Amino acid sequence: MSESSGELIIREHYNRFCRSMFVVSAAMFAGPGVFAVIYFYTSGESRLVLFGASLGAALLLVIAYGLLRQYLELRVSGTHIRARAWPFPWTKIGVEQVINSEIVEIDPFRDYGGWGMKGTAQDRLIGGSGTKALRITYTHESGETRKLTFLTDRAEEVGKFINIERTVNS
């Protein structure tokens with residue numbers, strides 16, 4: 001076996017439309033909390049209500065911040081391919097398990113129901129924007145054939161890198 005030619009790392013953020021939807025959703029949930037604080041501020045239990053509403057608003061801001069930080073990551077090394085939508089766990093594939101890798105055009109909404117980590121264990125999408133993707137067909141440890149589709153503008157580069165690693169390691 002030869003040595004690996006390095007590691008390719010692709011890290012992309014979700015597209016701006018999805019990120020704005022998360023912030024708008026957080027603001028919609030924070031609005032009623034603020035209203036509750038104003039409404040109940042004059043009651044005898046105002047301290048408890050103020051504490052609860054403040055805690056709820058802080059939690060929503062933390063969630064919104066975390067959602068804004070979400071990213072997609074693909075790492076290809078000489079021995080493994082790993083992909084994830086942060087903060088979800090890695091999908092790990094050994095280079096020797098790869099049957100085929102191809103560049104495909106997809107519609108994330110029509111084909112998988114949206115962006116992020118979608119699909120089933122047999123056909124999974126990890127993607128944030130665009131329509132160009134790298135689809136890796138591989139043999140899972142259980143023996144079944146599975147597909148991992150990673151949405152990225154750098155699909156050709158990753159496909160070439162995987163083919164080089166497969167050639168070097170065979």
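In which sense do strand 7 and strand 9 pair, and over how many bridges? Please also say what surrounds the residues involved.

Modeller: This is a predicted model, and within it strand 7 and strand 9 pair in the parallel sense over four bridges. One point of this pairing is L125, which stands opposite T149 in strand 9. On its other pairing, strand 9 meets strand 8 (residues 132-139) in the antiparallel sense over seven bridges, and there Y138 has R146 in strand 9 as its bridge partner. Five residues lie between the strands in the hairpin of strand 8 and strand 9, where G143 takes a positive phi near 100°. Strand 9 is mostly covered, with five of its seven residues buried.

Within strand 7 (residues 123-127) lies R124, which counts as partly exposed because its relative accessibility is 23%, whereas buried would require a value under 20%. Leaving aside neighbours within four places in sequence, the contacts of R124 include K147, L148 and T149, and also Y112, M117, K118 and T91.

As to confidence, strand 9 (residues 145-151) has the highest mean pLDDT in the chain, at 89, whereas helix 1 (residues 16-40) has the lowest, at 66. The chain as a whole averages 75, with 69% of the residues scoring at least 70. Where pLDDT is low, the predicted coordinates should not be read in detail.

How values were computed
Residues are numbered from 1 along each chain as its sequence is written. This is a predicted model: local features need pLDDT of at least 70, side-chain atom pairs count only at pLDDT 80 or more; totals for chains, interfaces and linings use all residues. Side-chain values use heavy atoms; hydrogens and water are left out. Helices (H or I, at least four residues) and strands (E, at least two) are DSSP runs, numbered from the N terminus. Buried means under 20% relative accessible area, exposed over 50%, partly exposed in between (1.4 Å probe, protein chains only). Contact means heavy atoms within 4.5 Å. pLDDT is the predictor's confidence in each residue, from 0 to 100. Two strands pair if DSSP finds at least two bridges between them.
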